[in-house]
Structure formats: structure tokens, C-alpha cells
Amino acid sequence: MTPMSQKPAQSDQSSAAPFTHRHVGPAGQDVQDMLALIGCASLNDLINQTVPTDIRLKQPLNLDTPQTEHDTLQRLKILANKNTIARSMIGMGYHGTITPAPIQRNILENPLWYTAYTPYQAEISQGRLEAILNFQTMIADLTALPLANGSLLDEATAAAEAMAICHAIARQKKPTFLVADDCHPQTIAVVKTRAESMGIEVRTFNPDKNKEPSSLKDACGILVQYPTTDGRIEDYTSLAEKTHESGALLVAACDILSLVLLKPPGQWGADIAIGSTQRFGVPMGFGGPHAAYMATHEKHARKMPGRIVGVSKDAHGNTAYRLAIQTREQHIKRDRATSNICTAQVLPAVLAGMYAVYHGPEGLKRIAESVHDKAVRLRNRLAKIGYYTPEHNFFDTVYIVLDEQSYVIGDADAFIEAAAKSGINILKWSTIELCITVDESTTEDDLDKLVAALAPLDKLTPVQSIYPYKPTPSDLPRRESPFLTHPVFNQYHSEHEFLRYTTRLANKDITLANSMIPLGSCTMKLNAASEMQPISWPKFADLHPYAPADQTAGYRQLFTDLETWLAEITGFAAVSLQPNAGSQGEFAGLLAIKRYHQSRNDNQRDICLIPVSAHGTNPASAVIAGMRVVAIACKDNGDIDVDDLQAKAEKHKDNLAALMVTYPSTHGVFETSIKKVCQIIHDQGGMVYMDGANMNAQVGLCRPGDIGADVCHLNLHKTFCIPHGGGGPGMGPIACNDTLKPFLPGDPLTGEHPVSAAPFGSPLILPISWMYIAMMGTDGLTQATCAAILNANYMAARLGNHYDILYTGENNRVAHEFIIDCRPFEKSADIRVEDIAKRLMDFGFHSPTMSWPVPGTLMIEPTESESKIELDRFCDALITIRNEIARIESGELDKQDNPLKHAPHTAAAVSDDHWPHTYPRSLAAYPAPHLRDHKYWPPVGRIDNPYGDRNLICTCPPMSEHTES
């Protein structure tokens, strides 16, 4: 194994409990009691009955001995201190920023915000839905485009998604996408990767020299940067007109802070605006995570990738928020998708939106004017000492040309080095061009240091010879339209008001701080405080992704550690940390397979076999990777139909590229045929892609590489403890064998086929997974996997007397999750699975995964972090609900007027003077005794989803609606 990072001296912590005991819920007598109910003599007995013998590890994982939380944090600090924090003036879409302390402490570092799940259960997600709606409103206002989504992964992938929209709107009849050559280089690279896989030709052009590209007639769209990477503010009005005349769309990649001052893209003709909100209070983090945005016209709503929050009504007529038109979500479209985006960047989006709430429009104007003023003064000071800075409108970036027009002539590298010696990083745009970008964190001292570092040694006075100096005016093509006029951006500027507002929102939601969230295939496990702590360390938070390598040694050692550990855990030879979501991991893995086949001149291999039980992102990712999807049947017991797989593999043997398979299956079973399944594909020349969504049942027991997979992605936001953040951030690194190693994603600036804007995706959250693995070690990770399987089988045993367990393995065991069948209740009591999910809210619980992978069912995954006490509370809730259904079946409760049909019950409804129901208030509000000690009250009643889709509103509603409610 690769030598691990340096360790500190071991502290005297003999009394400190190993972290495993903090992370794993069941312990001591509870484990014995659970095993007794299941009918197993020991935990080993249970694992032997659950995991097929032929795939079990023959020896333990080779990982370091775990340390205490304190010692592991000290070890990580040694790595962090190897990073050098210089003042970044590189730009390229990444900027220094100041995170307001109330946002950092009350949101970023608050488990009420970061342990939430994606708000599919809207009634118990109203707080973060409102926060995302604030973000959407902010984007819609600043871009002057009416429809914004709830965030995307990064600016580069947002540009690629916009290209896909243009291609889809053109009905794939226009095969070209034009990209201005002054866009961010990482954006151009990622767009080209996506374009190649989708059969789109990307052509770059110079919009400064070519205002009307001749190739417009073949183009589905054009991408421009506003302002450009080298700082120019161009007027694209004429280009937009010509684009529209040709039937194409214009996409503008916009700097979000500049739009506070500049004429917004929606007013000069852009059809789609994309960009990053990183500079709204979100640290650079060596590349992420950051919330990208997309805004467009409402007519394109069903082409929009990602999620959109909309406004609807609840059962009592009150305003309520929900995910709008969910059927347009791309992963639901499966093989008809134009995007594979599932995870977004909700927590960074909340931070950016709250930055706007905290500062308000006037505060943002002050920040933007200050940034622009610093840039103007820097430009004038550099011009005064002889630098040639072409005269054009600019916002925050000073552009320097080191040619014969300038008194200062030389190679750009020398000036880069001089600036670095003063503690400042600037951008080399070419051998004779420099770009210097200022931001809100740039100080007067920074400007003084930079000017001194760049000053010609023999000339510090105004130059009158080659390049006469004259000041640059600060006039800009100003926006005239108001923005952020909604009260939410204008009434929470005192810290007390802001604190109370964010706390009110947080308290509306169910998170892991309230109760277990047993979502199948989502792995909502503990996000330990010691794992989260390092993301706030400046030595990790304040690095630009393209900072010089000698300034990022600590990060690079952390990457080496993680890559080594993940390779060992998966049984593979290589790991790429670049994919910044599970969907991106799928795309990158399939792209590696496709490129492998192309390297062998097997260009015809484009068939991807996918079981019908697969997550919707699997077929969507295959389509985005340029493959054709062929579905594989599943048997009645949920297993892959091996005969059908064999037949279709043989039928498509000349064109077979890959099989996508999830293991354990999405039905919650370790299928015994998995090695045979892999061999069938290999026999026909295909490769096996293993979806790592269920890796939480494999770690320490078996490995994808040993089973027969060629590549897999890992959801670090599931198995390796990065929190879900209400719907992101996530990380989806891929691991592969030696054969596919050459085809992993390359560096966006120097390599090939990158899938993310930054070389290592979202590095700021990687210390979370590093801490988890380092603190758990081999035994701890294996114990966690065994506990996850124990918890699932215990719950299945308890619930099996009340609900049908849909799928089990050969020994009647489930893996780490299982499915209960709720379909019989539709006939017997007119109760649907949604009614059960909503009733669970009255018990203070988030519903399990509803109607996936089988409609009318609930998929339950408890994870290893839940104690027996919490498992029993949840089982008791479901058993009580089953008894309520029995009372409906017997006629004791009315089929339409019962606590399930009218769930969830709000405090306002239960305390209203008028109670219209035949069942008592006490049954509605307190269905379990423990709720009288502590009760979570859903803030709204059941939400009217069709109303929200018929009346699509995706920005903040007027305050009058709340007042009327």
C-alpha cells in the first residue's frame, strides 16, 4: 500500500472511546436481543446467511489502525498546514469571499441544515424549500429570466446542461454548439466532454473579432461569458438577435456579483443564463462544492435539469412549497432523459441565497461597487507604472498585455513568480497576457503588495514614453431594473432577525437531528461533528482550484490517502475523485468504458444492459454517455433474470458495451448469481459498471473488483458520511481496474475528458470521508457494515408480522435495506402508500423511500448508526399505522375520514375550534405515548401537488399570501 500521511504523536487518550462506538448504534445486550429475534446465534452467523460465500473477502482490508477523534483531527491538521494560503487573484470563476459569521455558524455548521435529505416529502421540508426558493428568486432577479432551478453541480456542468437543452429544443437537427473562446477554459473542456458523448460538434469562436459566426445556421446554441475570463464586458445584443434569427439559443455564463451592477442577460437577449454562486459567501474550497445556477424562460421548464421548487397550497388552503413538476426530473425520464442530474448543491445554494438575504440588495450593491472600484484603482496604478491595459469595460478583472505596446515587456511567467513571492496568485492568460481579479476579500494591503511586486525596478513614476497613462473611467453598462425587492431580502439584516429567521426555517424540517431517516438506497447515517469540523478550516477552505501545486501539498496528500483507501475498499487499481455527484460518477465510469472500446476500434459497442429495477439515473447516464439502453428483466423474487441477460448479451454481442448493475440489488438482496452475471458480460466483450449506491452493505465484507466489476462509483455522501445537505453536495468518485485506468477523467486544463470544473471535484468535503475512514479503520468499517445488515434484518423481522417483506435472499435474509408491500391496503382499506408516508410525519418520522423501485411499496434502510431504541420507535410507528389500517378494514374508522387520509396534522388544525373529523384530536396528534414528551409538528398539511403544477410559481410568493394564511 502507498505510505499513509504523516501521523502526530499519539496523545494519552487511553480513556477515550474508539470512534466506532460513537458511529455504530447497536451495542452490547441490544445486539444479542436483536440477533435472538432474528434467529441467529451470532453476528457472524447472520452475515454468513446473508452474503454469498463465494464473494466474501478472504482477508481483512489493509487499512491503517484507527485513532481517536482527537488524534485523527491532529493528524489532519498536519496535512492542512502543508497547504499555503496565498491571496488568490486568479479568477476563472473562483473568488475569495467573506462568509458572514451567522451563516457559517447557524447554517453551514448546523446539523439541522446539513443532515436533511432531498425535500421529496415536502410537508416536513418547508424550511429548506423556502431557502431554495429564495435562491431561485435571487437568480431570477439577477439574471432577469423568470425561471431558475434549485442549483446545479458547478458552472462547467451547468454549461454542458445548457448545451443539452439547446440540442433538445432543436430536436437534435442542429448538431453544432458554438463556444466563445474567452469562456472559462475549464467550462470549454467539460462542454466538449459532454458534447462528444452526445454526438454534438463544439466549435470555438472569437466573439470580439467575429460578431456574427458564419456557422450559426448549423448551431443549436451559442455560449458566451459575461464578463469574459479576461475581464471584458461585451455587448452581446446583436449576437443574440442573429442567434435567434438562425433558430438557435444564446447561453450566457454570468458572474453572479457582476449582475448586481450590469445589464442582466435576460434584458439583452440571452435565452439561458448559467454560472456559479460561489462568490456569494461560499469558500473556494480548492474547487467546491459550490452551487451553480440556471435560469431560462418558463416555456423551457420541462427541459430544465435538476430540481425546481414551486409554490402550492396545502389541504387547509395555506401557502406551501414543494418540488414542482417532479415528472420532469431527468432521472425519472430514464432513457428519455436529456440530463442525468439527480443530486444538486442544496446546502451551498442555501448559503448563497442566505448571503443575499443577509446583505440585501443595497448590501450587494456596496460589495459589487467596492470590488469594481478596487479593480479600477488597480488598473490605473498598474497603467501608471507602465503596464499596457487595453481600454474596455471591465468589472473585477484587470487585463495586461506584455508586448511592445507596454513599457513593461517580458514573459508572463516572470510576473506570475514575482506576484507569488509577495503572497498573491494571478492568472497567466498566455505567454504575454496576465489577468488579475479582485474580490470582496481583497484588501488595500493586497493591492499595495501586488503593485510593488510588479513594479519595474528602475521605474516607479508615471511613464510618458511608449504607453501614455490615462485613468480609466468606472462607467459600466449599468442595470436599470430593480432586484431582490421581495421582503425576505429586505427585513433580516440585523443579526437577531437573521438568526431567528434561519432558526424558524430549520425547525420546520425533519432531519437526522430529529429522528432516523430510513430512506432506502440513500444511507442516511451519522455525520459526526469531528468529521464535519475540518471543512471550516481556512487551510482547506480558502484555496483556488488552480493554485500552484507547491501551495497545495496537504490537499494532494489527502487525495492520495483517500484514493489508496478507496482502491483497497473496492478492490480496484485506480480512483478518480473528480466526479462531484453520483450521477457524474456514473457518467465518468460509462465514458471510461466507451473510450476503452473506442481505443480498440470497437466504436460500434454502444449497447448498455440495465435491469428494470435500476435507479433512474442509470439509463439517463447511459444515454448521456452516448449509449443505447436495453432493459433486462427481473424475476418474481426481484433477482436479475439471468436467462434474459444471457439472451440479450448474446443477441447484442457485437455491440455490447456494458452492463450497469447495483449490488446488493435495489431490492435489498445479495444476489447469488452476481459473479455469473459479470462473466456473461465479459464473455461477450462487454464491461461491468457497478452502481455503488449500496456499497454500505459491502465495505469490509466483499469488493466490487473481486466480484467481477470493471468500474464502480462510490457515493461518499452515503457510505462515507458526507451529509446530504438537503439534496447536495455529494461526491461520486469512481474506482476501476488497470484496463480502464487510462480512461479516467483528466484535468480540465491539461487533460482529456474532464467531467467537472475542478480537477478534484468538491475537495472541501473530502476531509469528511477521510476522517471517517481514518477513525474507523478496517475493523470499524467492517463492524459498521455488519451493523447495517443487522439493523435491516431486525426491522424486517419485527415488521414481517404486519407487512409483507417483498424480497429476501436464499436464507430469507435481507441486505442493508428491505421493501415492505403496501399495495394490498388499496383494496382492503383504500389506503395508499402516500397515506402511510404522510401519517409517519405525525409520529415525527420521515417516510422511507416511497414507490421505488416498486410502486406502492416502502423501501427501508436504517443504516448502522441507529440504536435499537430508535429502530423500535420507528417499527412501533409502522405497526401502529398498520393497526389503524386494520381499524379501517373493520369499519371502526371511516374509509375517507381517518387519520391516514388527513395526515399530516398540523398544530393549527388540531387546536382549531372547529374539528371536522370523526376520529379524536388525540389520535391525530399523539398516536404514540412518547410524543407527549416531545412532538414535532408538521408546519403544513398535505400539499396539493396538482395545484402546484397547474399554477407554476417558482419564485417567492408575495407576503400577502402568507398573511392570508
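This is a predicted model: local features need pLDDT of at least 70, side-chain atom pairs count only at pLDDT 80 or more; totals for chains, interfaces and linings use all residues.
Isoleucine 805 has isoleucine 820, in β22, as its bridge partner.

Salt bridges number 41 in the structure. In one of them, the side chains of arginine 194 and glutamate 161 meet at 3.3 Å, N to O. Because arginine 194 belongs to helix α9 (residues 185-198) and glutamate 161 to helix α8 (residues 155-169), this pair ties together parts that are 33 residues apart in sequence. Arginine 194 and glutamate 161 are both buried.

A salt bridge is also formed by arginine 377 and glutamate 444, whose closest N and O atoms are 2.7 Å apart. Here distant parts of the chain are linked, with arginine 377 in helix α13 (residues 346-384) and glutamate 444 in helix α15 (residues 444-454), 67 residues apart. Arginine 377 has a relative accessibility of 28% and therefore counts as partly exposed; glutamate 444, with a relative accessible area of 38%, is likewise partly exposed.

In the salt bridge between arginine 887 and glutamate 892, the closest N and O atoms lie 3.1 Å apart. Arginine 887 is partly exposed at a relative accessible area of 28%, whereas glutamate 892, at 53% relative accessibility, counts as exposed. Finally, a network of salt bridges links Asp830, Arg832, Asp835, Lys901 and Arg942.

Terms used: Residues are numbered from 1 along each chain as its sequence is written. Side-chain values use heavy atoms; hydrogens and water are left out. Two strands pair if DSSP finds at least two bridges between them. Helices (H or I, at least four residues) and strands (E, at least two) are DSSP runs, numbered from the N terminus. A salt bridge is a side-chain nitrogen of Lys or Arg within 4 Å of a carboxyl oxygen of Asp or Glu. Buried means under 20% relative accessible area, exposed over 50%, partly exposed in between (1.4 Å probe, protein chains only).
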